[in-house]
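Work through the exercises below with the sequence and the structure in view. Try each task before reading the solution that follows.

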Amino acid sequence: MDISSLGIGGVAVITVICFLVGQLVKSTGLDNKYIPVIVGVAGGALGVLGMFVMPEFPATDYMTAVAVGIVSGLAATGINQVYKQLTREG
């Protein structure tokens with residue numbers, strides 16, 4: 001099995017875009033508690049878009065595409081938190 005057949009590249013793209021969306025929201029001054037919801041919704045929308053524009057995307061129906069997108073979007077929040085914990089002095 002070739003790893004490229006799993007569509008991981010498409011999922012990584014959604015995670016990176018959602019990370020940038022989260023950073024943009026953070027810079028607006030909006031309360032940080034809304035960032036996971038915003039990146040989750042953005043990820044869901046990007047998941048549906050990815051289903052149509054990326055041939056290797058790992059979903060072929062709307063529900064799965066939204067779920068993959070939401071998980072990818074929320075992964076961006078987790079990546080941010082891991083980075084903060086690893087770089088925190090203490």
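**Exercise 1.** Determine at what angle H2 and H3 pack, and how far apart their axes are, in this predicted model.

*Solution.* Two packed helices are described by the angle between their axes and the distance between the axes. Here H2 and H3 pack at an angle of about 135°, and their axes are 6 Å apart. Angles over 145 degrees count as roughly antiparallel and those from 65 to 115 as roughly perpendicular, and H2 and H3 are therefore oblique to each other. As to handedness, H2 passes H3 in a right-handed crossing. On the side of H2 the contact is made by Pro-36, Val-39, Gly-40, Gly-43, Gly-44, Gly-47, Val-48, Met-51 and Phe-52, while H3 brings Tyr-62, Ala-65, Val-66, Gly-69, Ile-70, Gly-73, Leu-74 and Thr-77. Sorted by class, the residues of this contact between H2 and H3 comprise ten nonpolar and seven polar ones, with no charged residue.

**Exercise 2.** Describe the largest pocket by its volume and its lining.

*Solution.* The volume of the largest pocket is about 190 Å³. Its lining is made up of 14 residues, and those nearest the centre of the pocket are Lys-26, Ile-35, Thr-77, Asn-80 and Gln-81. Helix H1 (8-28), helix H2 (35-53) and helix H3 (62-87) each supply at least two residues of this lining. By class, the lining consists of six nonpolar, six polar and two charged residues.

Technical notes
Residues are numbered from 1 along each chain as its sequence is written. This is a predicted model: local features need pLDDT of at least 70, side-chain atom pairs count only at pLDDT 80 or more; totals for chains, interfaces and linings use all residues. Side-chain values use heavy atoms; hydrogens and water are left out. On a 1 Å grid over the protein atoms alone, a cavity is a set of points where a 1.4 Å probe fits but cannot get out, and a pocket is an open set with protein on both sides within 12 Å along at least five of seven lines; lining residues have an atom within 4 Å of a point. Grid points are joined across faces, edges and corners, and a volume is the space filled by probe spheres set on the points. Helices (H or I, at least four residues) and strands (E, at least two) are DSSP runs, numbered from the N terminus. Ala, Val, Leu, Ile, Met, Phe, Trp, Tyr, Cys and Pro count as nonpolar, Asp, Glu, Lys and Arg as charged, and the others, Gly among them, as polar. Axes are lines fitted to C-alpha atoms, for helices over the stretch in contact, and angles run from 0 to 180 degrees between N-to-C directions. Angles under 35 degrees count as roughly parallel, over 145 as roughly antiparallel, 65 to 115 as roughly perpendicular and the rest as oblique. A crossing is left-handed if the near helix is turned anticlockwise from the far one by less than a right angle, and right-handed if clockwise. Contact means heavy atoms within 4.5 Å.
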